[in-house]
Amino acid sequence: MIAYLEPFIQDTDSRRPHDGSSLCEALELQLQGGVSTESRDTGLAGKDFGGLHSITPLALVRPAGADDVAKVVKSALQTSNLTVAARGNGHSINGQAMADQGLVVDMRAMEDHFRIVQINGLTYADVSGGALWEDVLKRCVSSYGLAPRSWTDYLSLTVGGTLSNGGVSGQAFRYGPQISNVAELEVVTGKGDILICSEHENSELFFSVLGGLGQFGIITRARVLLQPAPDMVRWIRLVYDEFETFAGDAESSVRRPEGDSFDYVEGFVFSNNDDPLTGRSTVPLASGAIFDSSHLPETAGSVLYCLEVAVHYRNNDQVSTVDTDIERLLSGLGYVKGLRFQVDLSYVQFLSRVKRAEEEAIANGVWDAPHPWLNLFVSKSDIVNFDRAVFKTLLKNGVGGPMLVYPLLRSRWDSRTSVALPEGEVFYLVALLRFTPPNPRPALVDKLVEQNREIVNICHVNCIDFKLYLPHYHSEKEWKLHFGNQWSRFVERKTLFDPMAILAPRQKIFARDSLISKLQFLKQKA
């Protein structure tokens, strides 16, 4: 069989089969779904939202369910170099869901699975790993009046995709990231086994996969914790001219006890100018609202800060009561008076707020342009230094898109998962969400990528305690530094669940053609 596979795993496209049937025959695949080697499909699988890399796979697999995924992995195991990458909605930035001359599994093709279950007084949604969070939201709210507790800002991401990384938004300070709000997973491991795992069953796999960057298994189903969904949200933005005041108010907001705090806390940096993409005009929420810069003190610098908060309420709540509760929460905050903006939305509209921005970006042609984004977790102890060295200096004119910065609490994250975090109870998410014009010059994109490297280097030079979120590195040395004292645990987990380095090859953590993989392959065949 290995000799028969030879034509299908060469590096040249000239020997690529014109359809998936011969590949299925070679791999002895009998799938409920399908396999395509058509250039339109492999071309799609070789691209992502980042637009920085284009790597064509051998084939695109459209599985019907977990059985198909397992068959694909087991078939790859019978070769010496074939790899498998799970692709959600293609929203990775640095080609993490690609497989050079490997098999890309389209998780969106999986059969729809949605079921509400109640266990020990708690309610959960069982959903497919390929389901989009926006669809989970609509089904839970419209049919049951329920919703997951923790979200991402952008909801056109797959359940399995965000659980493989973390899943962070403005609710994470209270409930933790999405990986802290899942009770059970169905996973296809790198050995091709289909396993149910939870905190109490196959727990090592459960915690390995959560935040595991796809290295230990492919999530085919997840059981997500639900709570009653509110009807309405008051969305508020507060402007600050000093970072220390902004950070102090943000941290005090996330530390307040539940029942006496906001339901959502985020923040962002913007330029103190009239730039329509990164300046003052990006802050007002209601149609027709104006940012009156005369309220700013004369000492205001080139960058400003916005604390973004929200409060949930029900349709039958008295407006006066809602107003009173919100004013109490806002009292004592040091924002610039006169620069407070707010709007009331339905809960679904609020959570879908980025969808509207997506539609505008698609219409303007920038959604399909490259997105050299950079996401970091920065320790509270170093966030002021980061502000001075990066926001106030290197990025004082913005990045052509949002620059998020807001605090999270380490105690809301489970240390048993595979995510690497900076030290300390409080750390900040920093997200530099760059947008480029349609069809940008390659030199421009290269410049922005280089600026990301410069920011990382600034962190190293200034001894800033940070970790990349949605990390992307090129060497084992960099990955060891990223995981720190968790590196040995990460390697042990790889040995347990994907010893042949089949999965997620473009993360570039473990190589399929490494010496250990070859030795294990020969041993397996002996």
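**Salt bridges, sheet and cores of a predicted model**

Arg223 and Glu184 form a salt bridge in which the closest N and O atoms are 3.5 Å apart; the term denotes a side-chain nitrogen of Lys or Arg within 4 Å of a carboxyl oxygen of Asp or Glu. Because Arg223 belongs to strand β10 (residues 217–228) and Glu184 to strand β8 (residues 182–189), the pair ties together parts that are 39 residues apart in sequence. Helices (H or I, at least four residues) and strands (E, at least two) are DSSP runs, numbered from the N terminus. Both Arg223 and Glu184 are buried, where buried means under 20% relative accessible area, exposed over 50%, and partly exposed in between (1.4 Å probe, protein chains only).

The model is predicted: local features need pLDDT of at least 70 and side-chain atom pairs count only at pLDDT 80 or more, while totals for chains, interfaces and linings use all residues. Residues are numbered from 1 along each chain as its sequence is written, and side-chain values use heavy atoms, with hydrogens and water left out.

The structure holds 28 salt bridges. Arg223 and Glu184 take part in a network of such bridges that also links Arg115, Asp126 and Arg221. Arg115 counts as partly exposed, at 42% relative accessibility, whereas Asp126, at 1%, counts as buried.

A further salt bridge joins Arg234 to Asp344, with the closest N and O atoms 3.1 Å apart. This pair links distant parts of the chain, 110 residues apart: Arg234 is in strand β11 and Asp344 in strand β14. Arg234 counts as buried at 8% relative accessibility, and Asp344 as partly exposed at 32%.

Strands β14 and β11 also stand next to each other in an open sheet of eight strands, whose order is β14-β11-β13-β12-β16-β17-β15-β18, with antiparallel pairing. Two strands pair if DSSP finds at least two bridges between them. The edges are formed by β14 (340–346) and β18 (466–468); each has a single partner strand, so one side of each is left without a neighbour in the sheet. On average, neighbouring strands are turned by 25 degrees against each other, direction ignored. Axes are lines fitted to C-alpha atoms, for helices over the stretch in contact, and angles run from 0 to 180 degrees between N-to-C directions.

Inside the sheet, the antiparallel strands β12 (residues 264–271) and β13 (residues 303–313) are joined by eight bridges. Leu307 in β13 is the bridge partner of Gly267. Helix α9 (residues 243–255) lies across β11, β12, β13, β16 and β17, and runs at about 20 degrees to β13.

In soluble globular proteins, nonpolar side chains tend to be buried together. A nonpolar core is a set of buried Ala, Val, Leu, Ile, Met, Phe, Trp, Tyr and Cys residues joined through side-chain atoms within 4.5 Å. The largest one here has 131 residues, of which Leu185 and Phe386 touch the most other members. Strand β13 contributes the largest share of this core, nine residues. Beyond its neighbours within four places in sequence, Phe386 is in contact (heavy atoms within 4.5 Å) with Val378, Phe391, Val430, Ile455, Cys459 and Ile464.
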